[in-house]
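Let's take a walk through this structure together. Have the sequence and the 3D view open as you read.

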Amino acid sequence: MSNIPAELKYTASHEWIRKEDDGTITVGITEFAQDALGDIVFVELPKVGNSYTAGDDAAVVESVKAASDIYAPVSGEVVAVNDAVAGSPEAINANAYDAWLFKMKPANAAAIDALLDADAYGKNTAS
Amino acid sequence: MTLKATPLNAAHRALGARMVDFGGWDMPVNYGSQIEEHHAVRSDAGMFDVAHMCVVDIEGTDVRGFLRRLLANNVDKLQASGKALYSCMLNPEGGVIDDLIVYFFTENWFRLVVNAGTAEKDVAWMQAKSDEWQAGLTIKQRRDNPANAMALVAVQGPNARARVWELIPQAKEATAEMKPFNVAIVKDTAFGEAMVARTGYTGEDGFEIGVAATQAEALWNALAAAGVKPAGLGARDTLRLEAGMNLYGQDMDDSVNPLDAGLAWTIDLVSERDFVGKAALQAKGQNAQFVGLILREKGGVLRAHQKVIAADGSTGEITSGTFSPTMQQAIALARVPMGVQLGDTVHVEIRDKKLAATVVKLPFVRNGKILVA
């Protein structure tokens, strides 16, 4: 059973989402996702200012093994990206919940509440 | 469909391996970090479960005569007992049925090691050819029948042979002076009779060891206790790619001309000897070249099926690509037009970008050293 912090929200496609006090959200990939991908060697981040609809490809994470699209968990605009993780992609393997990818300003704050909670996501990854 | 398992399946699970479906086989892709496993093989010693691959013994009165007609490489290069040869087995159209290693023991007994996914097709093809040519041979696969099954473990890396000798002292006597691409049968080891071949798929020194399937787990555990690091299919792929070695089903298959897949050095078109596929290859000739690519721009990892665009606009295709743990760059094997020169800059389509890559001669890495710039 991989680590699934209770305070975060999740998608079925293995992104984690943290609600920030300023109304933005922070997005990364879960412990389960980094473990499945293996050694991560490349991260492509979106441009600040890009707008996405929920489910759009927003970033790419590539491991030695495979490339994986990272989807916008909700509709909204990218307000920040984590350049440090682009410089050292292995940080995602080391701590998936610390190595965030991008922050978004959601078009509709209620959409965040509709994402999976830790219990629901945990059932999703149970094998 | 239930997956097939090698005799080492329980050992992999005990080590906490991440298991994947590899062509119908339940195999370890890594035991934690694929990159660490890769580096262990380049710098020390690692081991791979290759028991999904299949030993095929061919016995009879004129095995050599049969293999002369069956294989694209010339088994007459095998004159001393214990010599090994890499070869393709072609269909009449010149496509690759499989690539394999043939070991010469006696005129009445040659051994082949063939790929996992192709083994049944290979044995059926060999049997059909033996019947058609009235060769009267016994063609016996040594994987699926518990009564005579063998299991192969590859031990690879600069310290691989020394570790094996510590564990199997009898093997030292038989193999200390043995050159690469040779094999010895070592009797009465702690793991029964063992086939010890100085071959591999990593570009490092080492052995591929064949024992009775019932001995495989004991051998594996003893090697692990001797400090040989278990390595999965993930590391096996990055290692072979750095070593510029083809993977069947990816870099070539039934529909690919081996001359276009960098295998001309294994195709004997010089001697008078006729073999299956020869006429087709002579008619087709070589129409593409097989080269290495190194990605020069940030923007992704080279992967199979990405399009390669040469300076004159002609195109080729990546057949295998990855991130090289040794070089810390994305590298690939690619089929490109004949006009492309070593040192040329080409462009590779990755998602919505066209990124610059340099064309280099294979291999990228051999015996721990980077050979390309």
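Start with a pair of residues facing each other: Val43(A) stands opposite Val61(A) in β6(A). This is a predicted model, in which local features need pLDDT of at least 70 and side-chain atom pairs count only at pLDDT 80 or more, while totals for chains, interfaces and linings use all residues. To find your way, note that residues are numbered from 1 along each chain as its sequence is written, and that chains are lettered from A and ligands numbered from 1 in the order in which they are written.

Is β6(A) mostly covered or mostly open? Mostly covered: six of the seven residues in this strand, which runs over 57-63, are buried. (Buried is 20 or more other C-beta atoms within 10 Å of a residue's own, exposed is 12 or fewer, partly exposed is in between, and C-beta atoms are placed from the backbone.) As background, side chains in a regular strand alternate between the two faces of the sheet.

Now zoom out to the whole of chain A. It has five helices and nine strands, and from the N terminus on the order is β-β-β-α-β-β-β-β-β-α-α-β-α-α. The radius of gyration of chain A is 13 Å, close to the 14 Å from the globule rule for 127 residues, so this chain is as compact as a globular protein of that length. (The radius is taken over C-alpha atoms, and the rule is 2.2 Å times the number of residues to the power 0.38.) Along its principal axes, the C-alpha trace of chain A spans about 35 × 30 × 25 Å. Buried residues make up 45% of the 127 residues in chain A. Of the contacts in chain A with a separation of 6 or more, 64% are between residues 24 or more positions apart. (Contact here means C-beta atoms, placed from the backbone, within 7 Å.)

Where does chain A meet chain B? Nine residues of chain A are in contact with 11 residues of chain B. On the chain B side, α2 (34-43), α8 (233-242) and β16 (315-324) each supply at least two residues. That side divides into three nonpolar, seven polar and one charged. (Ala, Val, Leu, Ile, Met, Phe, Trp, Tyr, Cys and Pro count as nonpolar, Asp, Glu, Lys and Arg as charged, and the others, Gly among them, as polar.)

Chain B itself is assigned domain 1 (9-53 + 146-241), domain 2 (54-141) and domain 3 (288-373), with bounds that come from an automatic or database domain assignment. The C-alpha centres of domain 1 and domain 3 of chain B lie 30 Å apart, and their contact takes 12 residues from each of these two domains. On the domain 1 side, α2 and α8 of chain B give two or more residues, with the largest share, five residues, coming from α2(B).

Next, follow the open sheet of chain B. Six strands run in the order β10-β11-β12-β9-β3-β13, and the pairing is mixed. The edge strands are β10 (183-189) and β13 (229-230) of chain B, each pairing on one side only. Within the sheet, β11 (residues 192-197) and β12 (residues 206-212) of chain B run antiparallel and are joined by three bridges; Met195(B) has Gly210(B) as its bridge partner in β12(B). α2(B) packs on this sheet, touching β3 (46-49), β9 (150-156) and β13 of chain B, and its direction makes about 120° with that of β3(B). (Axes are lines fitted to C-alpha atoms, for helices over the stretch in contact, and angles run from 0 to 180 degrees between N-to-C directions.)

Finish with β18 (residues 345-350) and β19 of chain B, which run antiparallel with six bridges joining them. Ile350(B) stands opposite Lys353(B) in β19(B). The hairpin of these strands has two residues between them, and Arg351(B) takes a positive phi near 50° there.

Technical notes: Helices (H or I, at least four residues) and strands (E, at least two) are DSSP runs, numbered from the N terminus. Two strands pair if DSSP finds at least two bridges between them.
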